[in-house]
Amino acid sequence: MSKEQYIRETDSIVPSPELKEKLSKLPEAKKKNRKKKSTRYAIIALAACLVFIIIAGPASNTMLSTITNKTNSLIDGPSYSSSSSDNYAKDESESTPASPAESGISSINIDDRKIIKEARMSVEVKVLDDFIKTVKDEVRKCEGYVSSEDKYIDESSSCDLVVNVPADKLDAIIDVIEANCKVTSQHIDTDDVSSEYIDTESQIKSLEAEQETLLKLIEKADDLDSIIKLQDRLSGIRSDLESYKSAKKLMENQIQYSSVSIDIDETEKIVKNDESFSAQVKEKFTKNLYSVGNFFREFAIGFIGGIPYLVVLAAIAAIVIVIAKKTKKKKETK
Amino acid sequence: MTFFAKGEDAFSYAFKEYTNTVYRIAVHNTSCIADAEDITQDVFTKLLEHSKPLRSEEHLKAWLIRTTVNLCRDNYKKTSRLNVVSEPVSAEEPAHEDSVLEAVKSLPENYRNTIYLHYYEGYTAKEIGDILEANHATVLSWLSRGRTALKEMIGGFDDE
């Protein structure tokens with residue numbers, strides 16, 4: 001029985017005790033990270049005050065020494081254990097010196113950034129073939145191409161269509177799709193691959209330089225053993241170089257051409273699957289009931305949470321009223 | 001029905017009840033255990049950073065499933081771009097030839113997630129559509145095509 005076997009096999013997939021241990025420590029590590037960030041902000045604020053005071057002049061010498069002492073105590077403050085660094089390797093990297101690739105990233109202009117855009121859409125159409133033809137015509141006009149097309153003619157006719165269009169034509173093709181069907185879901189993913197691209201270019205340059213060096217060494221080598229070892233190393237370098245060049249080419253292609261994956265369902269045959277009137281009414285009623293309940297809950301939270309402000313405003317209002325009354329009385333007695 | 005004001009409040013409940021679910025989806029959608037573990041960790045980190053309310057346990061579970069699927073997709077895109085192999089990557093475990101799980105894992109993303117959510121987690125097509133943000137009829141198509149593909153691969157998968 002395949003289904004039972006699948007359930008048994010999936011049951012056996014459980015996270016390791018080490019993973020569970022790491023997960024259980026995440027909230028604690030987050031709190032420490034938050035504390036570290038607020039300490040950093042405090043140091044920056046104190047440093048800004050220091051600069052202001054230096055500019056303000058010698059009259060602030062006493063304040064300056066106090067602030068300097070406070071800054072020093074914060075810098076020399078509590079040290080955090082390295083146990084959290086495993087879980088927060090990515091966040092901790094913010095405080096480490098930037099790698100050459102990272103400092104290269106920060107200096108890239110917005111126009112030079114390498115962006116890959118992908119769109120995924122689920123749509124409903126009246127006539128499947130007409131819609132597919134419309135999309136294909138538009139793709140041809142945009143100088144794009146159809147990457148894959150899987151059509152299914154069963155109880156509900158449908159098609160999985162993937163097209164690639166020049167990145168600057170993505171919005172245009174989406175507009176055409178939206179105008180010719182009912183879109184039931186749409187996602188556009190934007191991936192900034194600038195760092196990966198720069199890393200790949202750096203790897204290519206480094207491997208090419210190593211290749212040059214090896215070729216020169218091979219020319220100068222006398223004994224067969226050395227030549228064989230160098231040739232082996234050269235083969236490895238060339239293989240890696242080809243891989244990186246392919247990866248770069250793939251990225252460039254993905255940057256230049258955006259892919260649009262469209263799941264198309266023909267609606268006329270799908271109408272039978274619609275829920276009954278009573279089920280739809282029940283669902284809508286439940287949703288609206290929840291929304292009303294949520295509104296009152298949010299209102300209560302906002303009102304109770306805002307009581308301190310209300311008290312202050314009420315006090316100010318009371319003072320203003322008392323002053324206004326007294327002023328009015330004085331005017332009347334005059 | 002418990003209301004969680006933000007992700008941090010939901011963390012301990014999610015860790016106790018849904019760690020296995022998140023991990024299993026990650027294993028279904030990655031090629032190695034290390035990636036699955038990283039993604040599981042990332043999902044729970046995102047939960048801690050999630051500032052919007054989660055109105056019930058079911059809503060929390062749906063959020064976890066959707067986030068895991070999205071992170072697996074991002075991981076796949078990243079690994080397929082930089083597929084530099086200077087040394088052969090050894091599999092953590094040899095794949096069993098008659099494994100239904102391996103057959104499901106080899107299906108396209110939408111089909112395998114739908115098969116998992118329906119047959120293992122017990123969600124209906126409508127519920128799966130809400131979680132994966134897809135049309136109900138589309139989910140039915142994915143389920144049907146997934147079963148057809150499994151039938152070709154392993155000779156069948158019990159139909160309802």
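Analyst: Here are some labels, each set against its rule. One caution comes before them: this is a predicted model.

User: Why is Cys142(A) called buried?

Analyst: Look at the cut-off. Buried means under 20% relative accessible area. Cys142(A) has 4% relative accessibility, so the residue counts as buried.

User: What makes Cys72(B) buried or exposed?

Analyst: The rule is again a value under 20%. Cys72(B) stands at 2%, so the label is buried.

User: How many disulfides does the structure hold?

Analyst: Zero, over all chains.

User: Is Ser122(A) buried or exposed, and how do you know?

Analyst: Ser122(A) has a relative accessible area of 4%. The limit for buried is under 20%. Therefore Ser122(A) is buried. The residue lies in strand S1 of chain A, residues 115–125.

User: What does Ser122(A) touch, leaving out residues up to four places away in sequence?

Analyst: Ser122(A) touches Lys182(A), Val183(A), Thr184(A), Ser185(A) and Asp263(A). Each is called a contact because heavy atoms come within 4.5 Å.

User: What makes the pair Asp160(A) and Arg145(B) a salt bridge?

Analyst: Their side chains meet at 3.0 Å, N to O. The rule asks for a Lys or Arg nitrogen within 4 Å of an Asp or Glu carboxyl oxygen. Arg145(B) brings the nitrogen and Asp160(A) the oxygen, so the pair qualifies. The count between chain A and chain B is two salt bridges.

User: Which part of chain A gives the largest share of the side that touches chain B?

Analyst: Helix H1 of chain A, residues 2–11, with nine residues. That side divides into 20 nonpolar, 16 polar and 25 charged residues.

User: How much area do chain A and chain B bury between them?

Analyst: About 4900 Å², with 56% of it on carbon and sulfur atoms. Tyr6(A), Ile13(A) and Leu23(A) supply 14% of the area that chain A buries against chain B, more than any other three residues. The contact takes 61 residues from chain A and 55 from chain B.

User: What makes up chain B, helices or strands?

Analyst: Chain B has seven helices and zero strands. Of its 160 residues, 54% count as buried. Among its contacts between residues at least 6 apart in sequence, 71% join residues at least 24 apart.

Definitions and conventions. Residues numbered from 1 in each chain as written. Chains lettered and ligands numbered in written order. Predicted model: local features only at pLDDT ≥ 70, side-chain atom pairs only at ≥ 80, totals over all residues. Heavy atoms only, no water. Buried area = accessible area lost by both parts, 1.4 Å probe. Helix = DSSP H or I, 4+ residues; strand = E, 2+ residues; numbered from the N terminus. Nonpolar A, V, L, I, M, F, W, Y, C, P; charged D, E, K, R; others polar. Disulfide = S-S within 2.5 Å. Buried < 20%, exposed > 50% of the residue type's maximum accessible area, 1.4 Å probe, protein only.
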